[in-house]
Amino acid sequence: MTPRPARRAREREGLRRLVVRAVRAADGLLHRWARGPYESTLAITALVVLAAAAPVFAACAVFDWLFGGRVAASGEFGTDTVPLLLAGVAVALFALGLLRLCRFERRITERQTLTALVLGSFAAVAAIAIAHLATGSVEPSALATAFAEAAATVTGTNSTTIAGSDLGGGMLALRAMGQWLGGAAFIVVLVRVLPHLGVGGLDTDGGVATRSARRLAPRSAGTMGRLLLLYGALTVLVAVGFALAGMPLLQSGLHALTTASTGGFSTQVDSLGAFDSAAIEWVAIFGMAAGGVSLPLMFLAIRRRDPARFIRSYEFRLYITLILLATVAVTLLPRDGVGWTHILGGEHIRESLFAVVSVISTTGFQSTSLVELSIGSQALLMVLMLIGGMSASMAGGFKVVRLLTLASFIGRELRRAIYPSLTERLRLGRSTISESTIGRITGELLLAALLLIPASIVLGASGLNIVDALTYAVSTLSNVGPAMAAADSTGHLAVEGSTGHLDAVNWLGRITAGLLMLCGRMSVTAAAVALSVAAYPAVAAVRHGQWRRRRPHGVRVR
Amino acid sequence: MSGLAVLGGRRFESTPVHISGVALVLVAIGMAVSTCVALIDGGGGALALAGSAGITASVGSVMYLSTTASGRADSPLAFAAVAWAWLAVSIAGTMPYLFSGVIGWSEADNALFESISGFTCTGATILADIDAVAHGILFFRSMTQWFGGMGLIVLAVSVLPALKVGGLELIANEAPGPTADRFTPRIAATARRLWMLYGAFTLAVALGLLAAGTSLFDAVAHAFTTVATGGFSTYSRSIAAFDSVAVELVVIVGMITCGASFSIHWHLITRTKSQRRSYSELRWYLGLIGGAAAALLILNSGKLDLGDNVREAAFYAASLGSNTGYGLTDYTHSQFWTPSAQLVLLALFVIGGMTGSTAGGIKVLRLQIVARYAVREVIRARHRRAVLPMRLGDTTVAEDIAARALGFVLLYLGLALAGGVLMTALGNDLETGFSGAVSAIGTVGPALGEAGPTSSALAFERGSRPVMMVLMLFGRLEVFPTMLMFVAAVRAGTRSRHVRQSARPRVRRTTRLDRQSIRAAPQETDRSGVRGINSPKSSTRSARGS
C-alpha cells in the first residue's frame, strides 16, 4: 500500500494538504486555549462541537440575509438572520467560556473515545436544537420535537415535522449544512473512533475482506483528509449536475449537500418531486447511488484510474445487483390504475429506480410518495432500507457486505447440518473472513433486531399504526426517513406522502425516533457499548456487590 | 403385499420411503378412529374417513413393506426421511376433506392448506363455517394436530422398536420434539415415555375441560389441539364459543404447560436430576409470558375494562406465547386493542415456546443464545481479547452449537422477511402479509390485519397461501430438514464419498489465523458431538442449540 515516490510527491501538494493543515492549526489553537483547571477530554469534545456550530450558524445567518428570499417559500430575506446570529454568539460564548476551564487529559482510554463520540453527537444535536428553538421553527416548549428534528439533521435522516415551505432561508441552509457536516463528522468517526471499538469502522469488519472499507494511508489523518476531499468533490459535482439540469443555483447547492451526505432534507414540500424534471431526478439518482458507494473504493478507483476496481469488489457488485433487481421488481409489480403501456414507459422505470436508490442509499428523497407504489414494492423497499448501502459509505443501514457475510455464514451452517464435523473458513473472493468478524456482524444484526421490537412497540403506543410503527422504526434506524403507512386510522400519512410519521407521534415517539436515528448512525453495537459504559458503575455494583448469585461449586466449565 | 408382488418380492433400500410408509399407516389409524367417532355421532363423513383410511393404509403399507431402512443413520438421511414423511402425511390428510365435500375438489389447494396447517400444529384454517362441518371430520382435523404435536416419527420409533433407523437422529430432526435429551439409555423407550406423557397431558386437559362443562367431543377435540399447541377449534369463534372462564383457565394452563419442555416435565414428574439450563430456559419462558401479559395489560388499559383486560391479556399471552393460536376476541380490532399491544403479540409469534415442547417459533433457548451472543459482542467491542464462554444459567454453550442456533435464527428471520415480501407481492396488504408470514413460520395460526383470530385464512389471497404452506413446513421442522430435504435425498445415496471429502479441512492458503483455527476446530466439534448427543452425563454442561 505504500505509494510510489512520484505519487507521494504529487500528494504533498494540493487541497488535501490544506485540509490537514487547517485541522492541525485548529488543534494547536484549541490546545492553547483549553488550559483550565478541570481535566476532562469528554467535556472538551462536547464543547468543541458546540463551538464549531457557532461559525455554521453565522454562515447560515449571512446566507439568509443575502439569499434567504430566493430559497424560502415566503420570499422574505433575513427572517432568521438575527436569531441565528444571536444563537451563534450565545453558543460560542458558552462553549469557549467553559472550554477555558477545561484541560486535555494526558491519556485517553478507549472507553472515553466512545463516550466522547456519544457526547459529541449529543452536543451537535443540542446545537441544532437550539437553532430550531431560537428561530421559532419549533415551539419553545416542544423540546422533544427539537431533539428529533436535530437528530434527523445530524444523522442525515429525512424525517421532519416542519414542511420546507414553513422555514426561512437560514434554517433551510442550516438543515442542509447540518446534514452535510453530519456526514463529514461520520467520516471522522469512521476513521478515528470506530476502528478502536472494532465495530463498523475501516479495516474492522467488511474492510479486510472486501477491500472496500480500508485505510488509504498509514496515518489516520491522511485517510481522513482524502475521504473528506472526495466527499467535498462529490458534493460539488452533484451541485453542478443539479444546476446544469435546470435547478436554481442556490437550490442545487442545498440539495447537493443533502444528496452527497445521503441526508435527504429538501427545501421543497414535495421533495425533489416538486421540480418535476427528469434531468434533475437522474442527477439525484446518480448522486444518491454514489453516496451509497464505499468512499475508499471510489477514491482508489479514481486515484489509480482503474474503474475495474468497482467490478472486482464483491460488495459493489451485490449493491448494483440489488438496485437493478429491485428496480425491475418495483417496475413490474402491478399497481392500481397503471397499465402495461405506462409501465414500460421511461418515466415509470425512472420513478422506480429513483425510489429504489433513494431507499437503499438511505437518502429518503422522494419523487413520488412511497405509498403510491404497489404494496409488494413497499415491502421490498422496506427490506432494502434494512440493508442500506455499502460499508464505509455515507449510507446508513446494515450494509451490503454484512449481508453478504451473513449469507455465507448461513450457507456454512446448512452444510454443517449435513456434515457435522465440517471445518470451513468463510471467504469473499480471495480473502477469508475471520470468525470474530462474523461474530461482530451477527451481533450487530441481532442487537438491531432486539432494538427494533421495543422501539416499534413504543412508536405504536405513541400514535402510529402497526405498519407505520414497524416501517418507521426500520426507516429511522437506517437513517432513511420516509416510511410506509396503512390506510385506516392513520390514513393522513398515506395522503401526506410518507414524511409525516414524525408529525404523527407524540413526544415519546419523537424522542424514540431521535434515539433510533442516533443509534443507527453510530451502529447499534457502538450505541450499546456506550450504554454499557454509562451503566458501568451499576453493573460493577451488581457484579462485585452482594447481589451476585453464587454459582454452585464445580459446575463452571473452562 | 400387492406392492411386494409387483416388485417381485424385492425390497429397495430407502429410509425416507420406509419412514413415510410408517407415518402414513399411523395417520390411517387416526382416520379409522375418526370414522368411529363419525359413526357414533351420526353426522356424516364416516364413509369419506373410512375411504381415506383405506387408501392411506394401503399406500402406507406398500411403501413400508416394499422398502427397508438403510443400515446407517446420518444427518442427511434423517433430514430427508423426516421432511418427506411430513409431506406424505400432509398430502394424505387432504383426503377426508375432499371426499366428504367439506372442501370442494376445485379447491384442492385449500385442502392441502388445512392439512398442512393441521400436521404442523399451526391452526390457520380455511374453513369459513366450522360449526357446520361433521364432527367426524372435525375430530380428524384436531387429531392431525395431535399427531403433529409430539411428532409422528417419535410415535413410530416408540411403537416400532424394530425400526432400526437411528431413532435419535430422526427425533432430533423432527424439531419441536425432544432435542437429543434422552431419559433412558434406549431411544425407543424415551420416545415411548414422551408419548405416554403426551397422552397423559391430553387426558388431563380433556378431563379438565369436561369438568369445566364442555361436551365430551369438545373436550377431547380441544385437548388434542391444546396439548399439541395447535389451535384448531371445533367452533368458528374458537374458545370464545364457550364463554366460560373455567374453560379458558384450563386451556391457559394446558397451553403454558405444553409450551414448556417435555423433558423438564418428565424430570419433574420422575424427580430425576435435570439439566440446569433447562430451568434457566423455563424461567425465561415463564418470564416472557408473564411480561407479555403485563405489557398487554398496560397497553390496553385505556381501551378495555379491567376484567376483560385481565382475561384477554392472560389468554393471549398464553395462546400466542406458546404459539397455539386459540382465539378469544378479535385483537386486530383497533377499537379494543392498541397497535402496540398487537406488536407485542407479533414479538410472541417470533419467539414461541421452549425447545423440546410442541410449540413453534424460534424457541426461547435460541432467544437466550441470541441475547447472550449480542451482549457478548458488546463486551468484546470493549475488551477485544476477552475470552467469554457463553453461559446460560449454570451451563456453558459450546461455540458450534451457538453458531448453529444463530444460523437458524438468521435463516428463520430471513425466510420470514422473504415470505412477507412474497405475500405482499401476491396481493395481501403489508400488515396481513408480513404478519401472515411470521405466523405461518411460527406455526401460530392467527395473524394481524385482516387475518385475526376471528377471521380465517381465507383473508389471505389464494395465490399467496402456498407460500404459507411452505413456511409452515419450514417452521414445524425447524427449517433445516425442509431446506435440505432435496439436497439430503440426493446426497444420501453418495454419502460416503462426500463425507470423505468434507473430513478434509477446506483450507487452501494457510495463514496464521487459519492455522490457529485448524488446531482449535476439530477439538471443538468432537467435544460437542460427544456431549450434545451421546453422553447424558456431559450433556449437563452443553446446551444443544437445535
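Predicted model: local features only at pLDDT ≥ 70, side-chain atom pairs only at ≥ 80, totals over all residues.

User: How many helices and strands in chain A?
Analyst: Chain A has 25 helices and 4 strands. These are DSSP runs numbered from the N terminus: helices are H or I with at least four residues, strands are E with at least two.

User: And chain B?
Analyst: Chain B has 23 helices and 4 strands.

User: What about the accessible surface of chain A? How much belongs to carbon and sulfur atoms?
Analyst: It comes to about 22900 Å², with 64% on carbon and sulfur atoms. For chain B, the surface is about 19800 Å², and 63% belongs to those atoms. The areas come from the Shrake-Rupley method with a 1.4 Å probe; for residues, only the protein chains shown count as cover.

User: Switching to residues. Where is S266(A), and is it buried or exposed?
Analyst: S266(A) sits in the loop between α10 (249-260) and α11 (278-291) of chain A. S266(A) is buried, at 10% relative accessible area.

User: Which side chain does its side chain make a polar contact with?
Analyst: That of H255(A), at 2.8 Å. A polar contact is a pair of N or O atoms within 3.5 Å; within protein, one must be able to donate a hydrogen and the other to accept it, and residues adjacent in sequence count only if both atoms are side-chain atoms. Leaving out residues up to four places away in sequence, S266(A) also touches others, including R175(A) and F365(A). Contact means heavy atoms within 4.5 Å.

User: Which residues does E377(B) touch?
Analyst: G439(A), R440(A), G443(A) and T525(A), not counting residues up to four places away in sequence. E377(B) lies in helix α17 (residues 364-382) of chain B. E377(B) is buried, at 3% relative accessibility.

User: Which way does phi go at C121(B), positive or negative?
Analyst: Positive, about 60°, and C121(B) is not a glycine. Most residues other than glycine have a negative phi. C121(B) is in the loop between α6 (108-119) and α7 (135-150) of chain B, and is buried at 1%. E478(B) also has a positive phi, near 55°.

User: Now cavities. How many are there of 30 Å³ or more?
Analyst: The count is 11. On a 1 Å grid over the protein atoms alone, a cavity is a set of points where a 1.4 Å probe fits but cannot get out; lining residues have an atom within 4 Å of a point.

User: What lines the second largest cavity?
Analyst: It has 13 lining residues; S358(A), V359(A), F365(A), Q366(A) and L370(A) lie nearest its centre. Helix α16 (residues 346-360) of chain A gives the largest share, 4 residues.

Definitions and conventions:
Residues numbered from 1 in each chain as written. Chains lettered and ligands numbered in written order. Heavy atoms only, no water. Buried < 20%, exposed > 50% of the residue type's maximum accessible area, 1.4 Å probe, protein only. 1 Å grid on protein atoms, 1.4 Å probe; cavity = no way out; pocket = protein on both sides within 12 Å on 5 of 7 lines; lining within 4 Å. Points joined across faces, edges and corners; volume = space filled by probe spheres on them.
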